[in-house]
Amino acid sequence: MLKFWYFFLLLSLLMQPLDANPGLKVRITQKGLDYGKEIGLEILKQRIKEESFPDWSGQEKSGVGDVDYTISGVRINTIEFPDASVSLIPGIGIKLSTQRAYATISVNWSIRTWLFKDSGRATVSISGVFITAVFTMSQDSTGHPSMSLDSCQMSIKGMEVKLNGTISWLYKFFTKYLEKPIHRSLDTHSCPNIKQGIQQIDAQLRTLQVPTQIDAFAQIDYSLVNSPGVFQSYIDLDLKGAIYPVGNWTDLAFVPAPFILPNKSDSMLYFGISEYFFKSASLAYYTAGAFNTTIVEELSSYFNVTTETFGSIIPEIAQYYVEARPAMLNLRATAAPMVSLQPDTFTLEIHASMEVLAVLPDSTTQSMFTVNIIANTSASLTIFEQKLIGSLCLNRFQLFLADSSAGFFEVSLLENFLSYVLRNGVIPAANAKLKKGFPLPNLDQITLLRPVVKVNEGYLLISTDIDYKL
């Protein structure tokens with residue numbers, strides 16, 4: 001059960017007390033809370049049935065003297081919450097309540113008076129159980145999530161004890177002396193047990209590793225920038241949603257622009273991922289050198305790239321390199337790719353330089369020429385295995401000659417060749433890296449169900465239900 005609630009709390013509490021706009025928003029709707037309640041209660045019922053309860057003894061006063069009792073071997077046979085509901089208290093937290101919960105319990109009992117003693121097995125039927133608990137959500141001084149029990153009330157409307165033993169004519173007289181300690185124990189321990197469970201969740205939340213490493217190049221910060229916003233029909237969570245190079249948490253030079261999630265409630269969860277998130281990813285991977293590559297193997301399955309390849313396109317190269325030599329292409333990003341999110345359109349503008357080198361007989365290299373490239377690409381996005389997966393498509397590009405050992409030549413001569421290189425070498429290599437994906441806030445046993453991705457102006461919206469594997 002704890003893991004399931006960790007998922008919602010991880011979404012609702014991930015943490016850093018900063019008065020700033022979020023890079024990522026999460027909304028948990030009433031539909032999501034209702035699903036969480038159903039799954040949580042199923043898990044709770046399983047755990048209660050498997051629970052081991054301590055034995056207890058005591059003494060009650062009666063008209064025939066003191067009655068000493070012992071109750072042991074307590075087992076919950078059935079427990080149901082037919083009218084349980086979860087609701088939100090704006091500005092405070094989550095309220096869980098039930099008025100007609102019931103349970104059947106089996107116990108071993110023994111009683112002793114000055115007149116007789118007896119023991120046996122009993123079935124305790126409890127009905128009309130009223131429980132209401134309010135949980136508040138916050139963040140601690142270190143920026144970790146925190147959860148606490150704000151209030152708890154519990155009462156029992158009805159209880160019936162049926163005894164099995166050898167002195168049946170006395171059962172009706174003495175059952176009330178067993179009902180009283182059972183009733184008192186439930187009244188005394190129910191809310192403290194709920195509080196203890198919440199404290200266990202809180203302790204686990206404090207151990208969460210808020211930064212998550214994506215790969216060898218980048219890490220992501222899913223901390224809260226302010227406290228969760230609890231409204232009448234949903235919880236809004238503002239996460240930092242920033243990506244940094246591995247080992248470097250230096251504050252970014254730009255800040256997120258504000259954005260508002262649409263007023264929707266058809267799905268359990270909504271993720272709003274701003275341009276800031278993607279811009280920080282672009283800068284992080286650029287800073288880490290992830291966009292730099294040498295293109296040889298990517299093209300070897302199509303043709304061998306040699307000085308003769310370029311000589312057939314550019315006469316100046318043919319004159320400079322009479323003997324054919326192997327060639328290699330060094331691609332370097334000259335700036336972080338520029339990200340733009342517009343309705344139904346996600347574009348990346350990539351600024352790079354490509355140096356073409358000849359491999360000489362002694363295995364050293366000699367620069368042939370360098371071109372600067374501005375490429376405009378479109379990105380399509382999907383969700384797979386709880387990750388946001390991107391795929392690029394080249395729209396158009398521009399070339400500018402930056403340097404040439406063979407002298408000036410018309411760079412337009414390279415357009416067809418470089419179009420082929422970009423579409424069959426560079427873009428597929430980039431998509432292979434993007435296929436690893438960006439992890440979304442999530443926990444084990446929880447799957448995003450039928451997620452829908454839509455690009456809006458300034459942010460990406462993911463609408464999804466969830467499935468929890470019991």
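Me: Is the link of Cys152 and Cys191 left-handed or right-handed?

Reply: First, this is a predicted model, where local features need pLDDT of at least 70, side-chain atom pairs count only at pLDDT 80 or more, and totals for chains, interfaces and linings use all residues. Residues are numbered from 1 along each chain as its sequence is written, and side-chain values use heavy atoms, with hydrogens and water left out. Cys152 and Cys191 form a disulfide, with their sulfur atoms 2.1 Å apart, where a disulfide is a pair of cysteine sulfur atoms within 2.5 Å. Look along the S-S bond and you get -80°, which makes the link left-handed.

Me: How many residues apart in sequence are the parts that the pair ties together?

Reply: Helices (H or I, at least four residues) and strands (E, at least two) are DSSP runs numbered from the N terminus. Cys152 sits in strand E7 (residues 145–164) and Cys191 in helix H3 (residues 171–206). The pair therefore ties together parts whose separation in sequence is 39 residues.

Me: What is the order of the open sheet of three strands?

Reply: Two strands pair if DSSP finds at least two bridges between them. In this sheet the pairing is antiparallel, and the order is E8-E9-E12.

Me: Which are its edge strands?

Reply: An edge strand here pairs on one side only. From one strand to the next, the twist averages 30°. The two at the edges are E8 (211–213) and E12 (242–245).

Me: Which residue in E9 stands opposite Gln213?

Reply: E8 and E9 (residues 218–221) run antiparallel and are joined by three bridges. Follow Gln213 across to E9 and you reach Gln219.

Me: What angle does the direction of H4 make with that of E12?

Reply: Helix H4 (residues 275–287) packs on this sheet, touching E9 and E12, and contact means heavy atoms within 4.5 Å. Axes are lines fitted to C-alpha atoms, for helices over the stretch in contact, and angles run from 0 to 180 degrees between N-to-C directions. For H4 and E12 the angle is about 5°.

Me: Which strands stand at the edges of the open sheet of six strands?

Reply: Its order is E10-E11-E1-E13-E22-E21, and the pairing is antiparallel. Each edge strand has a single partner, so one side of each is left without a neighbour in the sheet. The edge strands are E10 (229–230) and E21 (446–456).

Me: Which element gives the most to the lining of the second largest pocket?

Reply: With eight residues, the element giving the most is H8.

Me: Which residue in the turn of the hairpin of E17 and E18 has a positive phi?

Reply: E17 (345–359) and E18 (365–384) both supply at least two residues of that pocket lining. They pair in the antiparallel sense over 13 bridges. Five residues lie between them, and the one with a positive phi, about 75°, is Ser363.

Me: Which residues make up the covered face of E16?

Reply: In a regular strand the side chains alternate between the two faces of the sheet. In E16 (residues 338–342), the uncovered face holds Met338, Ser340 and Gln342. The covered face has Val339 and Leu341.

Note on methods
Buried means under 20% relative accessible area, exposed over 50%, partly exposed in between (1.4 Å probe, protein chains only).
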